[in-house]
Amino acid sequence: MSDTKSGTGKFTIDGRAVAFRRGQTIMEAAAAAGVYIPHLCYQPGFAPHGSCKLCTVEVGARRVAACTTQAQEGMVVANDIPALNDDRRALTEMLFVEGNHICPACEKSGDCQLQAVGYFLGMTALRFDHFYPPRSIDMSHPDVMLDRNRCILCELCVRASRDVDGKNVFGIGGRGIHSHVIVNAASGRLGDTALALDDAAVHVCPVGAILVKREAFKVPIGKRTYDVHPIDEVALADARRRAGEGDD
């Protein structure tokens, strides 16, 4: 039952009762309750974006993005069901073929959320032809490299640079399959921006598009984050940690 004074309520997700506070999204309330909803473009602390569509859930007869849809009293939400997971798997496969992802040779392997989501969803093969788009690598910055081959257009670096770092280093240019990360400098080069090694934008990338130089393979493959724990365990542990710190 809802409590109008405190602004709390309950909904169900896959038959499980989940409490929420006024203003929380389905994603936030579910994570706080220990329910993992697959996602890539969402990250706590950043305004939800709703672009990757992996967090799509069913609310009654509608499909909505869990990261942008506010929880409401009495909602009946379906999340971990075959139809949704099949679509999520297809979306993940599309992200792989639309870029140039070579996991065994990528420095981000084992720490890559795209790779980890693929494992979580049971992705074993790609049903679609690879696009092999021509994408550039920017090595002009002394400490950071930008490899557009790995970019999934989640815009986390755009949001981090704009909203956290206050520098607006990154943006998105082009349309459709030609969409790509751009660098907001007259030269278009990362080395001609104010990007600093400790900027949030440097460390927020969920894949291997933004990497710190001279740190490759410091942690051996096989001992990295998602090598040790599946992504749902990592995400829910982070949600518990944030809840303990009082992060809304």
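Mentor: On a 1 Å grid over the protein atoms alone, a cavity is a set of points where a 1.4 Å probe fits but cannot get out, a pocket is an open set with protein on both sides within 12 Å along at least five of seven lines, and lining residues have an atom within 4 Å of a point. Grid points are joined across faces, edges and corners, and a volume is the space filled by probe spheres set on the points. The model is predicted: local features need pLDDT of at least 70, side-chain atom pairs count only at pLDDT 80 or more, and totals for chains, interfaces and linings use all residues. Residues are numbered from 1 along each chain as its sequence is written, and side-chain values use heavy atoms, with hydrogens and water left out.

Trainee: How many cavities of 30 Å³ or more are found in the whole structure?
Mentor: The largest cavity has a volume of about 100 Å³. The second largest cavity holds about 80 Å³. The search of the whole structure gives a count of 2.

Trainee: How does the lining of the largest cavity divide by class?
Mentor: Ala, Val, Leu, Ile, Met, Phe, Trp, Tyr, Cys and Pro count as nonpolar, Asp, Glu, Lys and Arg as charged, and the others, Gly among them, as polar. The lining has 16 residues, with Cys-151, Cys-154, Cys-157, Val-181 and Cys-205 nearest the centre. The division is 15 nonpolar, no polar and 1 charged.

Trainee: Which helix gives the largest share of that lining?
Mentor: Helices (H or I, at least four residues) and strands (E, at least two) are DSSP runs, numbered from the N terminus. The largest share is 3 residues, and its source is helix 4 (residues 156-164).

Trainee: Which residues lie nearest the centre of the second largest cavity?
Mentor: By class, its lining has 7 nonpolar, 4 polar and 2 charged residues. Of the 13 lining residues, those nearest the centre are His-101, Cys-103, Cys-106, Cys-112 and Arg-150.

Trainee: Which residues of the largest nonpolar core touch the most other members?
Mentor: A nonpolar core is a set of buried Ala, Val, Leu, Ile, Met, Phe, Trp, Tyr and Cys residues joined through side-chain atoms within 4.5 Å. Buried means under 20% relative accessible area, exposed over 50%, and partly exposed in between (1.4 Å probe, protein chains only). Among the 40 residues of this core, the answer is Leu-40, Leu-114, Phe-170, Leu-190 and Leu-195.

Trainee: Which helix gives the most to this core?
Mentor: The buried residues of helix 4 are Leu-156, Cys-157, Val-158, Arg-159, Ala-160 and Ser-161. With 4 residues in the core, the one that gives the most is helix 4.

Trainee: What is the strand order in the open sheet of 3 strands?
Mentor: Two strands pair if DSSP finds at least two bridges between them. Strands 6 and 7 pair antiparallel over 2 bridges, and 3 bridges join strand 7 to strand 10, also antiparallel. The order is 6-7-10.

Trainee: Why is one side of strand 6 and of strand 10 left without a neighbour in the sheet?
Mentor: Strand 6 (137-138) and strand 10 stand at the edges, so the reason is that each has a single partner strand.
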